[in-house]
Amino acid sequence: MASVGQMVGQPPAATHAEIEHRVDVLLRQMTLEEKVGQLMQYTSATPQTLEQVRQGKVGSLFNVTGAENTNAAQRIAIERTRLKIPLLFGYDVIHGYRTIFPVPIATASSFDSSLIEQIERVAAREATAAGVKWTFAPMVDITRDPRWGRMVEGAGEDPYLGSVVAAARVRGFQAGAVADSQSLIACAKHFAAYGAVEGGRDYNTAEVPERLLREVYLPPFRAAVGAGVATMMTGLQDVNGIPSTANSQLLSILRQEWGFPGLVVSDYDAVQQLIAHGIAANDQQAALKALTAGVDMDMADGTYLSLLSLSPGQLPIRVLDEAVRRVLRLKFEAGLFEHPYTDAGKENSSELTNENVKLARRAAQESMILLKNQNNLLPLDKSVKTVAVLGPLADDKADQLGSWAAQGRAEDAITPLQGIKLKLPQAQVLYAKGVDIPSFEKQPPSQIAGAPAPVTATGVGQASAAGGPADISEALQMARKADVTIIFLGELAEMTGEASSRASLSFPGRQEELLQQVVATGKPVVLVIESGRPLDIRWANDHVAAIIQAWYPGVQAGNAITDVIFGDTSPSARLPMSWPRSVGQIPIYYNHDSTGRPISPDRWHTGYIDESSSPLFPFGYGLTYTTFRYSGLRVLTPSVAPTAELRVQAEIENVGQRSGTEVVQLYIHDRVAPTSRPVRELKGFERVTFKAGEKKTVVFTVNANALGSYDAHMRWVIPPGTYDVWIAPNSAEGIAGTFEVLSSASGPVHDNDAGLRPHP
Ligand code: BGC
């Protein structure tokens, strides 16, 4: 079997054989308790967990950070246990360790895999200097549902973009070899289809037919494996009736089909929760189900300890040994036996360096999406005399970081207000919050199934208070005095991420009311939205001249936002999801299958009678400060053999007055196939920078295998016939052509790998 080290290009064969030998030797010396111990992962260095470490009963700790703490716990494992097996320290390094970068959905919006790779390199350097060797990232779950709070941690709705981003993050974290002292072991999660939870409710059931699973939800995981990801995490959801942590069918895709040699860890308490899911009666059954399905390490709940109480006949010792081997192999490959400790002297000097902060600023600049810019209100002129900076997020440090900000500190963040003051030292900058954002009180589930949810004073799912001490009238006075108003609205970071699903996409509290009154002053208004999901901005889109989706931009939020607003950099990010008009449209995604009644002059077509069926903004959409003209689409390979490549090009010209970066996108559509195909599928993109007036030819090359699909029997086919192709600025526009795929003399190519392989 290939080793993880091999997958990432290291160590060389001799070292691999040596590692296997060392694993064997060690395994032979281990008692059953020590073996099970290696499969146990606990959170935090409490006296209890450290005592377990001393007894040789722990393989990994997580949420223990800092060189001093990790070294202290490691010393117990190395100096006070019989076999001196080092601990592996895990942590959720989701968008930076101390230097907090924009949230993952934001950096995915950059469509810039090299930037993403650089970000994760920095995160890896900072985290490893603090003793952390394993991150529970990237989250590569595709989602079509912005109600799901964890959309903020992913790369949106598209399997191709998701695959490119997944591979880039893995490359960035692991940097080729987990043995490198500055590389962080990556963990693609949550295998699989977590983003498909019904109703967007976190931890819920996902019903995903196999074709959808394989074409939409699995590709980013496959791309992570292709990039050499060393570990995977299962999820808390059930998939087609079987919790993912005991889903042997799913895990056999990973192990058998893809040959994944690495370690699989459960999600937090997920083994124990097999009981609540109702597929195990007790800890022993839960542990057995997870272990035999292919979950090597048990996160947090300690349930694998019950394996020790099974009779010899009940315990599948070969399965257990294989799981232990994966843990030991990873520790050997990561060099932990040779270098179990972290150099405490390096920790502080690695964090928040000038270079890291500079990258955070660039990442934030590249992650903001310009959604609207009526009459070119943006960029604003720096000679403006009076600016009103309004809104509850304008001077809020903690929320600039976004959810899951690891060791990020609020004090490190530059707020938008600070950024504007720094950018405009001569201007008068007036500030008022206007309203507060009230927190939500999550409703407890009803005790009796089917009983109505308890209604509290605040109402089910409503904000707990209608605004706070902040004062709308003060904000209006500021707006009236100013030449222009920049208003920062959105969600608190805690409203996004895990266990933060929402039933509404509105601005929480009285924020929209504030916006309406500010707009009513008649002064020009720029709306900057900070949120972890697309919000319902129909009113704003109808009435506000300029709108930027900034997500949570990280430590350099204020500087980067101001760079974009005042034109020191041009916006270049694109939507990684379709932006719904209203919550009732969900799920809405661009790559939906063709329907029998797509359009008609009357009502008898797919859609709603009270709402458009198009999104407010399509996937791939985003404006710049200039204008690009697309022309001259040429299919260089009008007939493509199933084993060959499609090549297609177009001329893109910057016809505006400023330089700009365009994300040029390639879409295809198979006109006749065994199954209904998506109306469009993204197959490539390029970020290209143009000077004013510059024209370039952009050429795409796509392996024909990537044009294929699954037939009704789940065979991968590349259907012959006519395909549409677009080179486009987003999923709803573009210039079109066609090409033919020839029938294959030797039959279809039954391998979807090339189709999923990310962009170089
Ligand atoms: C989350 C995972 C995370 C883990 C460890 C869980 O609740 O679902 O994504 O990695 O906790 O913190």
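Predicted model: local features only at pLDDT ≥ 70, side-chain atom pairs only at ≥ 80, totals over all residues.

**Entry 1**

**Entry 2. The six-stranded sheet**

I looked up the strand order first. The sheet is open and is built from 6 strands in the order S12-S17-S16-S15-S13-S14, with mixed pairing. I noted strand S12 (369–373) and strand S14 (428–432) as its edges, each pairing on one side only. From one strand to the next, the twist averages 15 degrees.

Strand S13 (residues 386–390) runs parallel to S14, and 5 bridges link the two. For one of these residues I looked up the partner: Leu390 is bridged to Ala432 in S14.

Next I asked which helices pack on this sheet. Helix H18 (residues 416–423) does so, in contact with S13, S14, strand S15 (484–490) and strand S16 (525–530). The direction of H18 makes about 170 degrees with that of S14. Helix H19 (residues 472–481) also packs on the sheet, where it touches S13, S14 and S15. For H19, the angle to the direction of S14 is about 160 degrees.

**Entry 3. The five-stranded sheet**

I found an open sheet of 5 strands, ordered S19-S27-S26-S21-S22, and its pairing is mixed. Strand S19 (639–640) and strand S22 (681–690) stand at the edges with a single partner strand each, so one side of each has no neighbour in the sheet.

I checked how S19 is held to its partner. S19 and strand S27 (residues 735–741) run parallel and are joined by 2 bridges. Within this pair, Val640 has Val741 of S27 as its bridge partner.

**Entry 4. Packing of H7 on H16**

I recorded two values for this pair, as packed helices are described by the angle between their axes and the distance between the axes. Helix H7 (residues 113–129) and helix H16 (residues 354–367) pack at about 145 degrees, and their axes lie 11 Å apart. Their crossing is left-handed.

I listed the residues that meet. H7 contributes Leu115, Gln118, Ile119, Val122 and Glu126. H16 contributes Asn356, Leu359, Arg362, Ala363 and Glu366. By class, this contact holds 5 nonpolar, 2 polar and 3 charged residues.

**Entry 5. Cavities**

How many cavities of 30 Å³ or more does the structure hold? I counted 5.

The largest cavity has a volume of about 90 Å³. Its lining consists of Glu34, Gln38, Val53, Gly56, Val58, Ala77, Thr81, Arg82, Leu83, Ile85 and Leu87. I sorted this lining into 6 nonpolar, 3 polar and 2 charged residues.

The second largest cavity holds about 50 Å³ of space. Pro138, Met139, Val140, Asp141, Ile142, Ala155, Gly162, Val165, Ala166 and Arg169 form the lining of this second cavity. Here the division is 7 nonpolar, 1 polar and 2 charged.

**Entry 6. The second largest pocket**

I gave the second largest pocket a separate entry. Its volume is about 730 Å³. A total of 26 residues line this pocket, and those nearest its centre are Ile588, Tyr589, His592, Ser613 and Ser614. The lining is made up of 13 nonpolar, 11 polar and 2 charged residues.

**Entry 7. Backbone geometry**

I looked up which peptide bonds are recorded here as cis. One joins Lys189 and His190, with omega at about 0 degrees. His190 belongs to strand S5 (residues 187–191). Another runs from Ile586 to Pro587, with omega near 0 degrees. I placed Pro587 in the loop between helix H22 (557–565) and strand S18 (628–635).

I also noted Phe111, a residue other than glycine with a positive phi, near 50 degrees. Phe111 lies in the loop between helix H6 (104–109) and H7.

Key
Residues numbered from 1 in each chain as written. Heavy atoms only, no water. Pairing = 2+ DSSP bridges. Helix = DSSP H or I, 4+ residues; strand = E, 2+ residues; numbered from the N terminus. Axes fitted to C-alpha atoms, helices over the stretch in contact; angles between N-to-C directions. Contact = heavy atoms within 4.5 Å. 1 Å grid on protein atoms, 1.4 Å probe; cavity = no way out; pocket = protein on both sides within 12 Å on 5 of 7 lines; lining within 4 Å. Points joined across faces, edges and corners; volume = space filled by probe spheres on them. Nonpolar A, V, L, I, M, F, W, Y, C, P; charged D, E, K, R; others polar. Left-handed = near helix turned anticlockwise from the far one by under 90°.
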